[in-house]
Amino acid sequence: LPEVVVELKVVGLTERERAVFGNVGSQIYIPFGMAQEHQRRFLEQFPMLALFRPPGYTAATVHLTSAKYLDAVEKAINGLGLRTISIASAISQLKRVFLVVDMLLALVGSIGLAVSCLGITNTMVMAVLERTREIGVMKAVGAEDQDIRWLFLAESAAIGAVGGVIGLIFAWVLGRVINFSANLYFVNQGFQKENLFTIPVWLIGAAIGFAILVSIGAGLYPADRAAKIDPTRALRHD
């Protein structure tokens with residue numbers, strides 16, 4: 001290609017811009033008329049290129065004085081038959097994607113919760129069967145049905161509390177690993193480090209409380225079964 005030398009005077013610098021994903025890169029802005037003139041000369045030298053790419057521009061960057069005009073400007077540009085890309089529209093699409101992901105995670109979590117409840121119920125039922133004689137002794141020395149019921153409910157709550165703490169520790173470690181990996185990518189792309197996952201104090205208390213409530217609910221049947229054991233039959237149990 002023939003070399004074209006053009007002397008230009010730098011009249012200012014723009015702030016560094018970023019695309020929706022990644023960096024825009026180094027750019028030089030020239031007057032609109034100069035750009036049209038260079039494009040015309042280029043197509044005169046290579047007229048065949050006009051068949052594959054008609055004269056014009058592939059994209060235009062629109063700067064707004066305020067974000068409140070974004071929706072109106074996007075609608076106006078779309079009304080001209082052009083396609084728009086903005087951070088707001090990208091975030092809106094991401095929200096829809098995350099909504100679907102949240103629904104899938106909720107489904108998986110519900111299945112896991114049901115399996116956990118069955119596991120706790122099975123564990124407590126086996127504990128009742130293995131401690132039938134012990135329950136008979138406690139009733140023989142004066143323990144009431146409600147005492148036995150509260151004993152097994154307390155054990156169920158303890159299982160839930162321990163499980164909740166272990167789950168929180170696992171979630172914290174997994175969040176740290178994801179944050180570290182994501183920040184490596186962000187730094188390589190020129191972005192600042194971000195904290196993607198955080199566990200507030202209220203969430204810690206709510207998670208442990210929810211785990212305890214679920215465990216108590218799963219232990220209601222075994223606790224009631226233990227409370228209804230006949231002490232005379234329990235003492236004869238081998």
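Predicted model: local features only at pLDDT ≥ 70, side-chain atom pairs only at ≥ 80, totals over all residues.
Guide: Contact means heavy atoms within 4.5 Å. Residues are numbered from 1 along each chain as its sequence is written, and side-chain values use heavy atoms, leaving out hydrogens and water.

Visitor: Which residues does Asn 179 touch, not counting residues up to four places away in sequence?

Guide: Asn 179 lies in helix 6, which spans residues 145-188; helices are DSSP runs of H or I with at least four residues, and strands are runs of E with at least two, numbered from the N terminus. Its relative accessibility is 4%, so Asn 179 counts as buried (under 20% relative accessible area, with exposed over 50% and partly exposed in between, for a 1.4 Å probe and protein chains only). Beyond four places in sequence, the residues touched by Asn 179 are Glu 194, Asn 195, Leu 196 and Phe 197.

Visitor: How many helices does the secondary structure of the chain have?

Guide: From the N terminus on, the elements run α-α-α-α-α-α-α-α-α. The chain has zero strands, and its helices come to nine.

Visitor: In the chain, where is confidence highest?

Guide: The chain averages a pLDDT of 82, and 89% of the residues score at least 70. Confidence is lowest in helix 2 (residues 49-52), at a mean of 64, and at 91 it is highest in helix 7.

Visitor: What describes the packing of helix 4 and helix 7: roughly parallel or oblique?

Guide: The axes of helix 4 (residues 87-130) and helix 7 (residues 201-218) are 8 Å apart, at an angle of about 55°. Axes are lines fitted to C-alpha atoms, for helices over the stretch in contact, and angles run from 0 to 180 degrees between N-to-C directions. Angles under 35 degrees count as roughly parallel, over 145 as roughly antiparallel, 65 to 115 as roughly perpendicular and the rest as oblique. The angle therefore makes the relation of helix 4 to helix 7 oblique.

Visitor: Val 214 and Leu 113 are how many Å apart in space, C-alpha to C-alpha?

Guide: Val 214 is in helix 7, and its relative accessibility of 17% means that Val 214 counts as buried. Not counting residues up to four places away in sequence, Val 214 touches Leu 113 and Cys 117. Val 214 and Leu 113 are 101 residues apart in sequence, and in space their C-alpha to C-alpha distance is 8.5 Å.

Technical notes: pLDDT = per-residue confidence, 0-100.
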